[in-house]
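Welcome! Here is a short briefing to read alongside the model.

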Amino acid sequence: MSIKIIADVHIGNHRKFGGETSCGLNRRCRETLGVLEKAVASLEHHDRLHIAGDLLDSARPDPRIIYATREILKKHRNIKYSRILVGNHEQSSTEDFDHSLALLDDHNDYSPSVVSQAHTLGTAAAGASIAFYPFA
């Protein structure tokens with residue numbers, strides 16, 4: 001098993017260098033989604049992907065951005081036990097589920113879990129653990 005970590009993807013319709021828009025997503029947003037697609041597609045069957053904050057660039061993203069992100073994540077079913085940490089760009093407040101990643105959490109069609117509170121996966125006694133500390 002290997003663990004892959006990506007951070008600060010910032011998927012969004014950025015105005016600077018945004019380019020032409022198609023289906024509600026500008027060129028820069030589609031290119032950023034392409035980066036996520038490459039990262040997820042590179043995973044092997046036993047790999048784990050952890051996204052260390054700021055997958056999205058906004059606490060209130062366009063619904064088409066959420067949809068496009070979900071489609072990439074659910075297309076690759078080999079990402080079991082992956083985690084997405086809530087970053088400062090995704091939070092509306094520090095209340096649980098008051099962030100833009102809530103719509104990506106625990107769906108039946110793909111497996112990443114959104115981490116909005118400190119969480120440890122595994123135990124030191126078992127030989128391996130990962131501690132997650134999202135922005136709070």
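**A first look**

Aspartate 62 and arginine 64 join their side chains in a salt bridge, at 2.7 Å from N to O; the term stands for a side-chain nitrogen of Lys or Arg within 4 Å of a carboxyl oxygen of Asp or Glu. This is a predicted model, where local features need pLDDT of at least 70, side-chain atom pairs count only at pLDDT 80 or more, and totals for chains, interfaces and linings use all residues. Residues are numbered from 1 along each chain as its sequence is written, and side-chain values use heavy atoms, leaving out hydrogens and water.

**Salt bridges**

- The whole structure holds four salt bridges.
- Aspartate 62 is partly exposed at 21% relative accessible area, and arginine 64 is partly exposed at 44% (buried is under 20%, exposed over 50%, partly exposed in between, with a 1.4 Å probe and protein chains only).
- Glutamate 20 pairs with arginine 30, their closest N and O atoms being 3.2 Å apart.
- Glutamate 20 sits in the loop between strand E1 (3-6) and strand E2 (21-22) and arginine 30 in helix H1 (residues 27-41), so this pair ties together parts 10 residues apart in sequence.
- Arginine 27 forms a salt bridge with glutamate 31, with 3.7 Å between the closest N and O atoms.
- Arginine 27 and glutamate 31 are four residues apart in helix H1, about one helical turn.

**Overall build**

- The chain has two helices and eight strands, taken as DSSP runs (H or I, at least four residues; E, at least two) and numbered from the N terminus.
- From the N terminus, the order is β-β-β-α-β-α-β-β-β-β.
- Buried residues make up 42% of the 136 residues.
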